[in-house]
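Morning, everyone. Let me put the model on the screen, and then we will go through some helix packing.

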Amino acid sequence: MTYSSPFQTPWYLQTFADNFIEKDYLVDESFPFEKVGSALIFLGMRKVLGKEELTDYGDSDIDVTLLLQKAKEMGCQEIILGYVREDSHLYSYFKAQKNALITPQEVSPFIQLSPTWDNYLETLDRVERKELKRKLKRLDTIPYSFEVIPSSDASTFAEFIRLHKLSDSHKEKFMTPQMENFFHDLAMVPKSDWQTLIATLKIENKYSAAILFFENETTAMLYNSGYDPAYKFYSNGLMLHALLIKRNIEKSIKIHDFLRGKERYKYDLGAIDLNLYRISVVL
């Protein structure tokens, strides 16, 4: 089966369950939902370690009739769906239902990639295009290298974790040992429909930035990243994103998805918003 995002795949959900639910929890691929109190939620929408939300898209490819039937059989009084994409069949269905309350929750900026790098640059606003070119020229004044390799490479994964923690105090607190184990398992678990990759930028032969992302034939989804503030003069975080966009264009990737969050750099690189919604259905 082909899933619309990594967050619906059995390997993602089982990795999530193995790290944050009972260790003997076996995910039902046909119905990846759980009952919390009187509500039914998508499995990946459970908050972990007290407050963290790890699943960027909470919609599911499940048939709506089956979802409603199972919820009633389980004695649920409500279905709560979080971070449902505006192009999801669940959003399309429930927005027409009187017993569904739909509220805007977040945005997920993305770029519909152009066929060439030059075409992409032309899509940017004049100021953003000029600024990006200026920063790329600055990077060209020093030795640097860009690489994308499988996340299963242990040394590169270790650099991703190190750079993530270095980025800022919030990310350092986020990346607890248990969270690191989750990312490690996610990076290493076998997959058939998506790849998990790490893009890196070395400056003067030292790792300065890294991005952990999911990829299939048409889409790249940027899950998490880190950078070394010591190389901020070279805009190392932004430059890695730009180089990854260029690489994705050359690979004929169609969608460069930044996932949830309204960080300024996403819009500087030409992203537009995909709206995400919270859907509460009274049964």
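Start with α6. Its buried residues are T156, F157, E159, F160, I161, L163, H164 and S167. Buried means under 20% relative accessible area, exposed over 50%, partly exposed in between, with a 1.4 Å probe and protein chains only. Helices here are DSSP runs of H or I, at least four residues, and strands are runs of E, at least two, numbered from the N terminus.

Now the ground rules. This is a predicted model, where local features need pLDDT of at least 70, side-chain atom pairs count only at pLDDT 80 or more, and totals for chains, interfaces and linings use all residues. Residues are numbered from 1 along each chain as its sequence is written, and side-chain values use heavy atoms, with hydrogens and water left out.

What do the buried residues of α6 pack against? They pack against β5 (144–150), α7, α8, β6, β7 and β8. Contact means heavy atoms within 4.5 Å.

Length check on α6. At 1.5 Å a residue, its 14 residues should span 20 Å, and the end C-alpha atoms are 20 Å apart, so the two agree. The expected span is 1.5 Å times one less than the number of residues.

Next, α8, residues 177–188. Twelve residues should span 16 Å, and the end C-alpha atoms sit 16 Å apart, which agrees. M179, F182, F183, L186 and A187 are its buried residues. They cover an arc of only 130° around the axis, so they lie on the same side of α8. That arc is taken from the directions from the helix axis to the C-beta atoms. Remember the general rule: an α-helix has 3.6 residues a turn, so residues three or four places apart point the same way.

How do α6 and α8 meet? They pack at an angle of about 145°, axes 11 Å apart. Axes are lines fitted to C-alpha atoms, for helices over the stretch in contact, and angles run from 0 to 180 degrees between N-to-C directions. From α6 come F157, F160, I161 and K165; from α8 come E180, F183, H184, A187 and M188.

Then α1 and α8. Their axes come within 10 Å and cross at roughly 155°. The two helices are therefore roughly antiparallel; the cut-offs are under 35 degrees for roughly parallel, over 145 for roughly antiparallel, 65 to 115 for roughly perpendicular, and oblique for the rest. W11, Y12, T15, F16, N19 and F20 of α1 touch Q178, M179, N181, F182, D185 and L186 of α8.
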